[in-house]
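Hi,

Here is the structure I promised to pass on. Have a look at it first, and then read my notes below.

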Amino acid sequence: MNDRRPIEVSFPIEEVNTIAEREAHAKRYYRPVYTMHKWWARRLGSVFRTMLIYALADEDMNVAGLRQATFAENNGLPEVDWDSPDSLWEYYLEDLDFDGKTVLDPFMGGGTTIVESLRMGCNAIGSELNPVAWFVVKKEVEPVNLDELDSAYNKLEEDVGQEIQDYYRTECPHCDEHADAMYYFWVDELPCRNCGENVPLFKDYRLANARSSKDSFYHVVCPDCWNVHTTDDYRTETSCPDCTHEYTPSDAGHVSRGKYTCPHCDEHPEMSIIESVKRFGRAEKSLFAVEYYCPETEKKGYKSVTEFDRELFEAAEEELGEKMDSLPIPTTERYRGSSDRARNHGYERYDQMFNDRQLLCLGKLLDGISQIEDQNVKEFLLLAFSDTTTFNNMFCEYHTSANKIQGMYKRHTITARHTPVENNVWGTDAGAATFSTEFEKMRAGKEFCLNPYEKYVEDGETKQRDGVGKIEGFVTDNPDKIGEPVGDSTDATYNVHLRCGTSEYLPIDDNSVDAVITDPPYFDNVMYSETADFYYVWLKQVLEDEYEHFTADLTPKASEIVSDPAGEDSVDTYRDKDHFVTGLTNVFDQANQKLKEGGIMAFTFHHKETEGWSTVLQSVLDAGFYVTALYPIRGEMRGSTHIHDKANIEYDMIVVCRDREEQPEEVSWRSIEDDIYFRASQEIERLEQSGSRLTQGDIFAVTMGKCLEVFSQHYPSVTHKGGTMSVEKALETIRGIVDEQLMEERVQILGDEMDTLSAIYLTYVLGRGGSISYNALNKDLRTRGIDVAELVREGLLEQEGDSLNVLGPLRRAERIENKRNPLAIDKAHYLRYLFEADKLSQQFGKWTDEGAIAALRRLADIENDDEYANIADYVAERTDTQLEFDDFF
Ligand SMILES: C[S@@+](CC[C@H](N)C(=O)[O-])C[C@H]1O[C@@H](n2cnc3c(N)ncnc32)[C@H](O)[C@@H]1O
Ligand SMILES: [Zn+2]
Ligand SMILES: [Zn+2]
Ligand SMILES: [Zn+2]
């Protein structure tokens with residue numbers, strides 16, 4: 001195959017990871033264009049930029065702009081050997097120009113592929129079912145004059161901004177003027193089913209930490225009189241300076257795990273919140289504290305609520321009562337989705353997710369925006385408005401130690417909050433995530449489009465290189481217009497076609513696309529249409545007359561490619577696993593038809609479960625592709641130190657595929673199994689040598705990847721035991737290969753250093769979390785001829801029903817002391833115990849040997865806990881000196 005694309009031959013995994021790892025934590029500084037509006041599970045720009053370069057580059061590529069002149073001379077860019085294109089990475093920071101090449105993304109989402117393609121002079125075609133994503137991407141790429149944006153913003157501030165500001169004032173404790181209210185703190189109240197008194201649903205009575213990390217006091221709320229005061233420690237008893245009530249803020253709450261208890265009656269009955277909502281309706285909300293900012297003295301602080309604050313809110317309620325019908329406020333009924341926990345709490349319509357002041361101020365703001373004349377400018381302010389709603393609703397919480405609000409979409413679902421915090425809609429000089437700061441964020445995104453740059457890492461430092469081009473999308477809804485001039489303008493041509501609808505049918509020419517670069521939905525990861533409805537209902541107020549995608553009440557559900565079987569009885573559309581596979585196959589099939597001959601499709605994928613993988617790959621293969629390469633890359637969710645996450649796959653994968661032009665010859669599974677194993681072990685060795693710490697999950701993912709490379713080339717003509725081998729079965733068999741062969745190797749290496757049982761424990765048990773399924777482990781161990789019961793007998797595991805608890809060193813110490821023949825892992829655990837008990841230096845003697853030290857080092861690796869390594873170093877060194885000492889006598 002001579003026409004292999006670079007991405008099929010190699011991919012600069014380590015190089016991209018260095019950048020991607022930083023980008024993941026600082027998206028706003030790396031590529032501000034992607035933080036203009038929320039979209040879930042966005043992929044990283046650096047990764048997609050690299051995918052594009054490696055998918056499109058060939059000897060005809062250009063380096064654009066000013067640098068081109070020097071390129072011809074010699075600006076240090078190397079020749080690329082296309083058979084081994086490692087040096088292509090040197091072009092990462094260049095302004096590459098793939099003039100006129102066409103890239104398609106049928107799952108456009110937040111638009112990473114589209115923006116990065118435009119950046120490199122490509123024509124881009126994006127298709128996406130969800131109108132919110134369609135609108136967001138349109139605004140990400142469309143040019144705007146920043147001065148016009150600014151003057152529209154200033155006019156809006158005059159027209160409605162001032163008026164809105166008047167609803168966020170509070171008595172200032174520092175001066176005679178009014179301070180700005182940054183945040184209002186609310187609490188849900190439900191009646192006690194026993195005595196009928198209202199119970200405020202406080203988890204505890206802590207409000208916030210001190211604003212400066214130097215100060216070690218806390219802001220708390222008195223449960224008796226709701227006075228806001230400070231205390232040295234919220235975990236110890238304190239007394240209210242106003243009413244002298246004594247209480248411990250951390251313990252005084254009434255809510256835990258969906259239940260509340262009544263502080264008023266003696267029985268303290270425990271009641272389910274959801275049950276009470278069913279009986280009494282949605283919880284009432286009471287205002288209990290304010291955070292203010294005084295522009296006069298530039299002081300921020302927390303205070304109790306006074307009559308002034310209540311009256312101001314009542315005034316808002318009253319004005320809303322008069323204007324509710326004339327303001328653009330969505331009262332649409334919410335979709336009954338399976339990921340939606342808010343409906344159980346009585347939130348049935350969208351307007352119920354906001355309080356009256358929020359509805360009034362958002363309504364006024366949106367009304368002001370809708371009157372802006374220039375459609376493009378109007379849409380940009382609408383984008384900032386829409387993102388503001390993420391932080392201006394009654395589903396946001398306050399981050400007590402960061403002293404700021406958290407958006408409602410901390411996770412991918414909507415969760416009811418019992419102590420919601422109300423943000424300031426327009427914003428003060430000091431606030432966060434208000435309309436004024438969202439405007440700045442959106443503006444920064446557009447500024448980036450005018451002057452894009454690329455960040456990279458050199459000697460551990462982040463550096464920046466300015467680009468020479470612009471990100472400028474001239475959007476058309478007619479794909480045939482691509483390449484044609486925009487209006488009368490002579491220099492601009494249409495370069496983006498954005499389509500809103502299901503990608504199961506793409507009305508563009510066959511054989512017209514150079515590469516498909518995409519990020520398909522991950523099985524059951526995010527219910528995009530449910531989460532996006534929240535924005536849609538507001539956007540619709542302004543866009544429904546302009547775009548037909550905004551005429552429906554809510555975003556489309558039935559053709560969304562997702563697996564959501566839990567929604568079966570609550571949802572009007574049943575979307576199961578088959579629905580997901582069929583939909584995805586249809587889209588991949590379209591992608592295949594649109595690709596030019598020799599073009600490739602590359603996509604990212606991440607799923608913990610084999611089921612997620614086999615469904616996606618089934619679709620890839622059924623759509624006539626085979627997998628030509630697979631790479632692990634840095635995802636967005638790495639770096640978790642939570643013990644239960646340790647066994648998870650840490651990589652996203654890039655899957656590269658191309659059209660299977662002819663029916664492959666029949667092969668037997670037996671004949672390709674060895675090849676898979678060989679390729680997988682090579683890859684694992686390579687990763688380990690580059691310093692990665694691989695978990696069992698990683699090894700599984702890598703092996704599976706290699707399996708697909710081989711298996712997919714022969715699919716569907718792989719035979720096994722007289723039948724054809726399915727994807728699912730192949731993946732399952734690979735699990736077997738991992739267990740039997742790769743794990744075998746690891747057990748053997750460890751087995752040379754210590755007893756077999758310790759080696760098996762370290763290989764199979766550790767890194768899987770604190771609780772393991774009995775059956776899963778038993779199945780793994782049986783291949784080793786070992787019974788789980790042996791590990792239980794040694795006190796390493798404790799059985800509890802169908803699961804096994806992994807016992808830590810401290811809980812095992814006593815058991816180990818009484819053992820006659822402790823294992824290497826026992827000794828390592830006991831050394832850890834001695835260390836924790838501060839007795840290591842006196843007592844380590846009889847517990848050390850090479851096996852114990854090897855076990856400590858392995859524990860350090862797997863648990864990612866340096867303390868184990870320190871103990872190993874310490875005892876190893878002390879043992880050595882002692883030996884010398886003994887030798888001497
Ligand atoms: C994983 S997301 C893509 C994320 C995107 N690459 C980004 O960086 O934000 C998958 C997208 O597929 C969209 N989608 C689901 N079903 C679809 C369909 N039938 N046609 C087109 N798009 C669909 C979802 O709305 C979602 O935005
Ligand atoms: Zn003041
Ligand atoms: Zn009661
Ligand atoms: Zn009090």
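In α8, the buried residues are L146, L149, A152, Y153, L156, V160, G161 and I164. Buried here means under 20% relative accessible area, exposed means over 50%, and partly exposed is in between (1.4 Å probe, protein chains only). Helices (H or I, at least four residues) and strands (E, at least two) are DSSP runs, numbered from the N terminus.

Before going further: this is a predicted model, where local features need pLDDT of at least 70, side-chain atom pairs count only at pLDDT 80 or more, and totals for chains, interfaces and linings use all residues. Residues are numbered from 1 along each chain as its sequence is written, chains are lettered from A and ligands numbered from 1 in the order in which they are written, and side-chain values use heavy atoms, with hydrogens and water left out.

Back to α8. Its buried residues pack against α11 (356-370), α12 (375-388) and α13 (435-450), with contact meaning heavy atoms within 4.5 Å. The helix covers residues 146-165, and although it has 20 residues, its end C-alpha atoms are only 25 Å apart, short of the 28 Å that a straight helix would reach at 1.5 Å a residue. That expected span is 1.5 Å times one less than the number of residues. Where does α8 bend? At E158, by about 50 degrees, taken as the angle between axes fitted to the seven residues ending there and the seven starting there.

At the start of α8, a side-chain oxygen of N145 comes within 2.8 Å of the backbone nitrogen of D147. E148, also in α8, counts as partly exposed because its relative accessibility is 40%. E148 touches D374 and V377, leaving aside residues up to four places away in sequence. The C-alpha atoms of E148 and D374 are 9.3 Å apart, though 226 residues separate the two along the chain.

Over in helix α11 sits R357. With a relative accessible area of 0%, R357 is buried. Not counting residues up to four places away in sequence, R357 touches several residues, including Y167, Y168, W186 and E422.

**The zinc ion**

Which residues hold the zinc ion (ligand 2) as protein donors? They are C172, C175 and C294, each through SG, lying 2.2 Å from the ion. Donors are N, O and S atoms within 2.8 Å of the metal (3.2 Å for Na, K and Ca); water is not among the atoms, so the site may look incomplete. The donor spacing in sequence is C-x2-C-x118-C. C175, in the loop between β5 (169-171) and β6 (178-191), and C294, in strand β16 (residues 284-294), are 119 residues apart, so this pair links distant parts of the chain. C175 is buried at 17% relative accessibility, and C294 is buried at 0%.

Most residues other than glycine have a negative phi, and most peptide bonds are trans. E298 has a positive phi, near 55 degrees, and is found in the loop between β16 and β17 (299-304). N403 also has a positive phi, near 55 degrees. The peptide bond from Y715 to P716 is cis, with omega near 0 degrees.

Cheers

Technical notes:
A polar contact is a pair of N or O atoms within 3.5 Å; within protein, one must be able to donate a hydrogen and the other to accept it, and residues adjacent in sequence count only if both atoms are side-chain atoms.
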